[in-house]
Amino acid sequence: MIRGTRMAKATLTTEQTRQLVHRLATDDAYRSRFEANPAKALAELGVDGSVIDGLDAQCLQACKLGSKDVFQKANANLDEATAQAYSSFLVPALRIGSPR
């Protein structure tokens, strides 16, 4: 990457997004660190530096977060969506021998 340029459309993985929302919903100290320095807080979650460098600059500015309640609701919605996605998974059955 050329110094001073940003990768187009870098995104967090689904698991990183889940971790981020969970921490913003439950951890006051993490929320404070995120508000002061989002890039450093993302690195704390294990987000690769190249991904952080590729995020939109506006996402990395110090900010005031919404209430924990908003993140708690988002966290619950993510949990529900995941549960629904995996609850529809059917384990294939293996049959040995001729069909009856």
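## Basis of the report

The model is predicted, so local features need pLDDT of at least 70 and side-chain atom pairs count only at pLDDT 80 or more, while totals for chains, interfaces and linings use all residues. Residues are numbered from 1 along each chain as its sequence is written, and side-chain values use heavy atoms, with hydrogens and water left out.

## Helix α2

Helices are DSSP runs (H or I, at least four residues), numbered from the N terminus.

Tyr30, Arg31, Phe34 and Glu35 are the buried residues of α2 (buried: under 20% relative accessible area; exposed: over 50%; partly exposed: in between; 1.4 Å probe, protein chains only). They line one face of the helix, because they fall within an arc of 135° seen down the axis of α2, the arc being that of the directions from the helix axis to the C-beta atoms.

## Salt bridges

Six salt bridges are counted (a side-chain nitrogen of Lys or Arg within 4 Å of a carboxyl oxygen of Asp or Glu). One of them joins Arg23 and Glu44 at 3.2 Å, N to O. Arg23 belongs to helix α1 (residues 14-26) and Glu44 to helix α3 (residues 38-44), so this pair ties together parts 21 residues apart in sequence.

Glu44 also bridges to Arg33, with the closest N and O atoms 2.7 Å apart. Glu44 is partly exposed at 40% relative accessibility, and Arg33 is partly exposed at 36%.

Conventions
Helix = DSSP H or I, 4+ residues; strand = E, 2+ residues; numbered from the N terminus.
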